[in-house]
Amino acid sequence: METGSSDAVTAPGVPFALLAGAGLIAVSPSQMESALRHMGLQPEVMASGDGDGGEPAFRLHFGGLRFSAVRADAPQLRLADPDDRATSLLGVALPRHWRDTCWIFVPEVEGRAARSSYDGFYRMLVLLIDLFDAQQLFWSPARLWTDARQFRGAIAEMQTSGMPPVLHLVAFRRRDGAAGEVVTTRGLAAFAGQELEAPVPAGWDMAAMVQRLARLALDIMINGPVARAQQTPGLGGGEWVAMTPRGGEPGAPATLFVEFLAGR
């Protein structure tokens, strides 16, 4: 996972997924419409998002859910720029001409999305990954690139276990804090209105932090935000986890402050 503290571009309020890969190079809107129609997604041509003669968008239907598809525009590509330190990457490297391969898919959900709506969106993304042989997936709330095929495998696991693919939906970022290094999440608030922040105990590496914070993030995604201060046993012998909800800065989500304690 890449690290950094610069978040110059703010993720848009409406979550979107971006697919990139060789199979999407120079796919025209007419080719996209034909492929989506053959998938049974009933594409409806919508007006261009910029209102200035740009490429059309498509409204898609997947069961009772609706989504839109459009070629990525300049602001979305800036948000996904893998060379920006504010963008996180998990085990992927994008080709030099990645911008020429990108299409955006946006779930049309009123207000806070029900988990079932996102689950349907993920299943549709798996179909699109297979259709276009997409290699990379970008999830905008986390500003995170991951491997599209690994995402497909995580969704298959989700069908069995019910566990959302947390490592594809939440970025874990290590940065300097006022009292030392901390690891924070980005993207968890899209599901629960709450992000995590945890100081790094002496001697711990990033893998140890992500292993623990990912479990907490998964629990919050399934059961909702932590509303009161509490302590719970941790993963290691004698380890405890102290959690304290904190309000966010104006315009920012609330934070759950997490401390990993030993010998309590």
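Begin by selecting D147, whose side chain reaches the backbone nitrogen of Q150 at 2.8 Å. The side chain of D147 also reaches the backbone nitrogen of R149, at 2.9 Å. Both are polar contacts, that is, pairs of N or O atoms within 3.5 Å; within protein, one must be able to donate a hydrogen and the other to accept it, and residues adjacent in sequence count only if both atoms are side-chain atoms.

The model is predicted, with local features requiring pLDDT of at least 70 and side-chain atom pairs pLDDT 80 or more, while totals for chains, interfaces and linings use all residues. Residues are numbered from 1 along each chain as its sequence is written, and side-chain values use heavy atoms, with hydrogens and water left out.

**Around D147**

D147 lies in strand β8; strands (E, at least two residues) and helices (H or I, at least four) are DSSP runs, numbered from the N terminus. Its relative accessible area is 19%, so D147 counts as buried (under 20%; exposed is over 50% and partly exposed in between, with a 1.4 Å probe and protein chains only). Now display the residues that D147 touches beyond four places in sequence: L90, V92, Q135 and H168. Contact here means heavy atoms within 4.5 Å. Between D147 and Q135, which are 12 residues apart along the chain, the C-alpha separation is 6.2 Å.

Next, select R143, in the loop between β7 (136-139) and β8 (144-147). R143 is buried, at 1% relative accessibility, and its side chain makes a polar contact with the side chain of T87 at 3.2 Å.

**The sheet and its helices**

Colour the open sheet of 8 strands, which follow the order β2-β3-β4-β6-β1-β7-β8-β5 with mixed pairing. Two strands pair if DSSP finds at least two bridges between them. Strands β1 (residues 17-20) and β6 (residues 103-107) run antiparallel and are joined by 3 bridges; L19 stands opposite W103 in β6.

Helix α4 (residues 148-161) lies across β7 and β8, at about 80 degrees to β8. These angles run from 0 to 180 degrees between N-to-C directions, with axes fitted to C-alpha atoms, for helices over the stretch in contact.

**Aromatic pairs**

The structure holds 11 aromatic pairs, in which rings of Phe, Tyr and Trp (its six-membered ring) have centres within 6.5 Å; planes under 30 degrees apart count as stacked, over 60 as edge-to-face and the rest as tilted. F67 and F121 are stacked, at 5.2 Å centre to centre and 25 degrees between the planes. This pair links F67 in strand β4 (residues 65-71) with F121 in helix α3 (residues 115-132), 54 residues apart. F67 is buried at 1%, and F121 is buried at 0% relative accessibility.

Finally, select W204 and F260, a tilted pair with ring centres 5.4 Å apart and planes at 35 degrees. W204 lies in the loop between β11 (194-199) and α7 (206-223), and F260 in strand β14 (residues 254-262), 56 residues apart. W204 is partly exposed at 22% relative accessibility, whereas F260 is buried at 11%.
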